[in-house]
Amino acid sequence: MSGKLEGRVAIITGSGSGMGKAIASLYASEGAIVMIADFNEAAINETVKEITDAGGKASGFVADMSKENDIIDLVQATVERYDHVNILVNNAGILDNFRTVTNTSTNDWNRVLAVNLNGPYMASREAINVMLDQPDGGVIINTASVGGLFGVRGGAAYTASKHGIIGLTQNIAGTYGIYNNIRANAIAPGGVETNLTNTIKDPDELGMKAISALGPSPMGKPEEIAKVALFLASDDSSFVNGAVVTVDGGLTAS
Ligand SMILES: NC(=O)c1ccc[n+]([C@@H]2O[C@H](COP(=O)([O-])OP(=O)(O)OC[C@H]3O[C@@H](n4cnc5c(N)ncnc54)[C@H](O)[C@@H]3O)[C@@H](O)[C@H]2O)c1
């Protein structure tokens, strides 16, 4: 039986851990050839091993998704290895310690925007240039956040970056989607059990007060996000373009 992504080549950024890793494993189990892109080499090797041990096709590429040269090299290496880029999942992202505007340094702001927004822009640009030459186009999936839909689900930089990636998604969808068979959609997860929260250091007092006032969040598993990412990558979602799919267990429903 053939999988939903049989033979398709997928670049998944930030796939050494969490949601990216779960997406890569699920895509591979559905027949995709997955390019594991992350800046953590040990995590890449572990993910590639797990996928190939399970009979999937995967290889790794070390890339800092805030660096233009790394991103250009990543897309080029994918084309050299596998001829195509059918799917790009812009998933790598970092938090901002819930810092409010006045507590955000320019350096911190630039770093969060570089990884969460500039990276997806540059990777999309490089991948779309490849997809434009493919008769069957391609698919872009961006990991946003409920922080991209509301004001205080993260700090100032994280919130701005995730609002930005939704705008980027819809711009790509509304231009290339209609004329070039390239679909772009975003996933807006709520709380998900990954390694992301382990990176929080010295969280901002006012930022935490604002987010805590919203109440507790249900926690999902990376695999629950991966299933939505599979739908968006496969032909099952052929008429879904420019959507933001909230996957938060009802967090933002009320
Ligand atoms: N976990 C949550 O609750 C949650 C909620 C909403 C949105 N998100 C978003 O989901 C995405 C994935 O996060 P996760 O929760 O799986 O976190 P995670 O920390 O488990 O995984 C993130 C991966 O990205 C990699 N990474 C970070 N910066 C990178 C860079 N500059 N270049 C290359 N790789 C880099 C890390 O090494 C790691 O492997 C992020 O964009 C995050 O903002 C997470």
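Modeller: For the classes used below, Ala, Val, Leu, Ile, Met, Phe, Trp, Tyr, Cys and Pro count as nonpolar, Asp, Glu, Lys and Arg as charged, and the others, with Gly among them, as polar. Sorted in this way, the shell around the ligand holds 12 nonpolar, 13 polar and four charged residues. Please keep in mind throughout that this is a predicted model. In that model the ligand is surrounded by 29 residues, of which Ser17, Asp38, Asn91, Tyr158 and Thr194 are the closest.

Turning to individual polar atoms, a nitrogen atom of the ligand lies 3.0 Å from a polar side-chain atom of Asp64, while a polar backbone atom of Phe39 is found 3.4 Å from a nitrogen atom of the ligand. On the oxygen side, a polar backbone atom of Val192 is 2.9 Å from an oxygen atom of the ligand. Of the 830 Å² of accessible area that the ligand has on its own, the protein covers 93%. The elements that contribute two or more residues to this shell are α1 (18-29), α4 (106-131), α5 and β7 (191-192).

One of these elements, helix α5, spans residues 156-180 and includes Thr159. Thr159 counts as buried because its relative accessibility is 8%, and the cut-off for that term is under 20%. Leaving aside residues up to four places away in sequence, Thr159 touches Gly147, Phe150, Gly151 and Gly154.

Note on methods:
Residues are numbered from 1 along each chain as its sequence is written. This is a predicted model: local features need pLDDT of at least 70, side-chain atom pairs count only at pLDDT 80 or more; totals for chains, interfaces and linings use all residues. Side-chain values use heavy atoms; hydrogens and water are left out. Helices (H or I, at least four residues) and strands (E, at least two) are DSSP runs, numbered from the N terminus. Buried means under 20% relative accessible area, exposed over 50%, partly exposed in between (1.4 Å probe, protein chains only). Contact means heavy atoms within 4.5 Å. A residue is near a molecule or strand if one of its heavy atoms lies within 4 Å of it. A polar contact is a pair of N or O atoms within 3.5 Å; within protein, one must be able to donate a hydrogen and the other to accept it, and residues adjacent in sequence count only if both atoms are side-chain atoms. Accessible areas come from the Shrake-Rupley method with a 1.4 Å probe; for residues, only the protein chains shown count as cover.
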